[in-house]
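Here is a short note to read beside the structure. Please keep the 3D view open as you go through the points.

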Amino acid sequence: MMTENEQIRLLKERRSIRRYDSRPIEDAILTQIFEVTRWCWSAVNRQPWKFYVIRNKELISKVAKECTTGTFAAEAPVLVALVGDADAQPNWYLQDMCFVSLQMALAAWTFGVGTCFIGNINREKVKELLDLKKTDYLLTVLPLGYPYGRIPEPRPRKSLEEIVKYID
Ligand SMILES: Cc1cc2nc3c(=O)[nH]c(=O)nc-3n(C[C@H](O)[C@H](O)[C@H](O)COP(=O)(O)O)c2cc1C
């Protein structure tokens, strides 16, 4: 039987953060977030990802405007564009990028830094702003920032009965 240790708390208590303190994220913390992130699993260990770390205020504001359902990104001190190399891993880049986004969110949370996955983005526009290649796949832009105010209450989850079927 598992006990409620720190790892379990990390997995259960991470919340999407949509309001950020203006305080910058220290370079050492950012480095640690990426250090943890790079240990994510990936198909045949190809690690087809690059992280574009945006700290320029003007560019943050331009990119945030293209995050249709995440304009709150404009408040964050750092935006990270998660870019997959579809040439390097044509079959699995999408899965790899989804996994690495979660790894980054969990890594950030460990250091007290919040983020939120933003689904609706004008990807072509952001790719232009970042001068990315045609075959680069922009999964999302993750805003990173220390949470402003209280951590949001958890959103409800489906019950175990609803989602787990044992086939013995
Ligand atoms: C693929 C995906 C797309 C999402 N898109 C958005 C989004 O565009 N805007 C937003 O505010 N939250 C977005 N979210 C965050 C979810 O709303 C959030 O994870 C969910 O409500 C559960 O809340 P929690 O992360 O705090 O546990 C997205 C999450 C995922 C995984």
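1. One of its nitrogen atoms is 3.2 Å from a polar backbone atom of F117. This is a polar contact, meaning a pair of N or O atoms within 3.5 Å; within protein, one must be able to donate a hydrogen and the other to accept it, and residues adjacent in sequence count only if both atoms are side-chain atoms. The protein buries 64% of the 620 Å² that the ligand exposes when taken alone. Such areas come from the Shrake-Rupley method with a 1.4 Å probe; for residues, only the protein chains shown count as cover.

2. A word on the source. The model is predicted: local features need pLDDT of at least 70, side-chain atom pairs count only at pLDDT 80 or more, and totals for chains, interfaces and linings use all residues. Residues are numbered from 1 along each chain as its sequence is written, and side-chain values use heavy atoms, with hydrogens and water left out.

3. T69 places a polar side-chain atom 2.5 Å from a ligand oxygen. For R155, the distance from a polar side-chain atom to a ligand oxygen is 3.1 Å.

4. Which residues are closest to the ligand? They are S16, R18, T69, F117 and R157, out of 13 that surround it (a heavy atom within 4 Å). The shell has 5 charged residues (Asp, Glu, Lys and Arg), 4 nonpolar ones (Ala, Val, Leu, Ile, Met, Phe, Trp, Tyr, Cys and Pro) and 4 polar ones (the others, Gly among them).

5. Now look at helix α3, residues 57-65. Helices (H or I, at least four residues) and strands (E, at least two) are DSSP runs, numbered from the N terminus. I60, V63 and A64 are buried here (buried is under 20% relative accessible area, exposed over 50%, partly exposed in between; 1.4 Å probe, protein chains only). They sit on the same side of α3 because they cover an arc of only 100° around the axis, taken from the directions from the helix axis to the C-beta atoms.

6. What does the buried side of α3 pack against? Its buried residues contact (heavy atoms within 4.5 Å) β1 (49-54), β2 (78-85), α5 (123-129) and β3 (136-144). The face turned away carries exposed E58 and K65. At the N-terminal end, N56 caps α3, with a side-chain oxygen 3.0 Å from the backbone nitrogen of E58.

7. Check the loop between α5 and β3, where D131 is placed. D131 has a positive phi of about 60° although it is not a glycine. D131 is exposed, at 71% relative accessible area.
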